[in-house]
Amino acid sequence: MTIQPLDPDAATPLYEQLRAQIAGRAATGDLPAGTRLPTV
C-alpha cells in the first residue's frame, strides 16, 4: 500500500491526514479487511 505524501504545513494534523487516507481506501474497497499496514 502506498501512502500519499503528507503535508506538514497543512492545518490538518499529520495523524488525521493519514487516518483519512486509510479510511478512504477502506471505504472504497482498496484496503480490504485484514490488510496489514506498514510500520513505517
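Tutor: Accessible areas come from the Shrake-Rupley method with a 1.4 Å probe, and for residues only the protein chains shown count as cover. On that basis the chain exposes about 3,300 Å², of which carbon and sulfur atoms supply 58%. The model is predicted: local features need pLDDT of at least 70 and side-chain atom pairs count only at pLDDT 80 or more, while totals for chains, interfaces and linings use all residues. Residues are numbered from 1 along each chain as its sequence is written, and side-chain values use heavy atoms, with hydrogens and water left out.

Student: How many helices and strands does the chain have?

Tutor: The chain has one helix and zero strands. Both are DSSP runs numbered from the N terminus (helices: H or I, at least four residues; strands: E, at least two). Helix H1 comprises residues 14-28.

Student: Why is Gln21 called buried?

Tutor: Buried means under 20% relative accessible area, exposed over 50%, and partly exposed in between (1.4 Å probe, protein chains only). Gln21, found in helix H1, has a relative accessible area of 17% and is therefore buried. Buried residues make up 10% of the 40 residues in the chain.

Student: Which residues of H1 are buried, and how do you know that they are on the same side?

Tutor: Gln17, Gln21 and Arg25 are buried in H1. They cover an arc of only 65° around the axis, so they are on the same side of H1; the arc is that of the directions from the helix axis to the C-beta atoms. The face turned away from the buried side carries the exposed residues Tyr15 and Ala27.

Student: Which residues does Gln21 touch, not counting residues up to four places away in sequence?

Tutor: Gln21 touches Ile3, Gln4, Pro5 and Leu6 on that count, where contact means heavy atoms within 4.5 Å. Ile3, in the segment before H1, is in contact with Leu18, Gln21 and Arg25 when its neighbours within four places are left aside. The C-alpha atoms of Ile3 and Leu18 are separated by 7.8 Å, although these residues are 15 residues apart along the chain.

Student: What makes Ile3 part of a nonpolar patch on the surface?

Tutor: Patches are made of residues with over 30% relative accessible area and no salt bridge; like charges are joined within 9 Å, and nonpolar side chains (Val, Leu, Ile, Met, Phe, Trp, Tyr) within 5 Å. Ile3 has 31% relative accessibility, so it counts as partly exposed. Ile3, Leu6, Leu14 and Leu18 form the patch, with about 270 Å² of accessible area together.

Student: Why is the pair Arg19 and Glu16 called a salt bridge?

Tutor: The term requires a side-chain nitrogen of Lys or Arg within 4 Å of a carboxyl oxygen of Asp or Glu. The side chains of Arg19 and Glu16 meet at 2.7 Å, N to O, and a search of the whole structure finds one salt bridge. Being three residues apart in H1, Arg19 and Glu16 are separated by about one helical turn. Arg19 is partly exposed at 45%, and Glu16 is partly exposed at 26%.
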